[in-house]
Amino acid sequence: IVYVNAGWRECAATNGARSETAWGGENYLDHCCAAQDPSRDGRRAGEGVRDVLAGRRPGFEMEYPCDAPGKQRWCRMIVVPLASGAGAVVMHMDETVAHATRKALESATAGLDDTVASRTRALRQAGHELEMFMHTVPHDLRTPLRTIASFGELVAAAVSASANEQTKNYLQRMSSAAVRMNGYLDELLTLSHLARGGIMVRPVDLTQLAREIGLDLAARAPD
């Protein structure tokens, strides 16, 4: 270690190093290899420095825990070779805030992934239930609709000779509504089939569609 700056001296003093030298003049690699840590960060740091000094790497960088008394701390080590090739600059920077931010972001991302997956499953389930509903309802409603239409026809036939215009109009509107409802059920059944397969695109005459809606509204409320 040829030179250390004020930041290194302050860090060394905080961590109990000899403040008069802060390891200046000592072999940095010996300190790396002598580090007693289960994660082997010291040996990894020493290997990175050796590789840079030997020209096997253009640089080296690693993050490692560096707890101070009463404080959890993370640092980042960066090794850059000197242009002369006669050594390297080793920098240690406090990475505690960035490390905590990154971990919080990773945790939030993992939670978001779980939320998206859960909601995707819920949407698929809801889509399946809606598909079953659209397929079942038309069949369930077809029978009572036929009953209404049939009884309407019987009533119309029974009173055709004596019914006044208003009664005939009511019966006609009931019959038209039954036919219209039957068409809705056919369309709902078609929609359920489309949900199971691909979507077929075709031109739609909006003018004719608007005209049919207008006639339908006029028939429902002639006044």
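Colleagues, the model is a predicted one, in which local features need pLDDT of at least 70 and side-chain atom pairs count only at pLDDT 80 or more, while totals for chains, interfaces and linings use all residues. Residues are numbered from 1 along each chain as its sequence is written, and side-chain values use heavy atoms, with hydrogens and water left out.

I begin with the secondary structure. The chain contains six helices and three strands; these are DSSP runs, H or I of at least four residues for helices and E of at least two for strands, numbered from the N terminus. Along the sequence, the order is α-α-α-β-β-β-α-α-α.

I turn now to the strands, where a pair requires at least two DSSP bridges. Strand E1, residues 60-65, is antiparallel to strand E2, residues 74-81, with six bridges between them. Within this pairing, Glu61 has Ile78 of E2 as its bridge partner. E2 also pairs with strand E3, residues 88-94, in the antiparallel sense, here over seven bridges.

Finally, the totals for the chain. Of its 223 residues, 21% are buried, meaning under 20% relative accessible area with a 1.4 Å probe, protein chains only. The accessible surface, from the Shrake-Rupley method with a 1.4 Å probe, is about 16,000 Å², and carbon and sulfur atoms contribute 59% of that surface.

Terms used
Buried means under 20% relative accessible area, exposed over 50%, partly exposed in between (1.4 Å probe, protein chains only).
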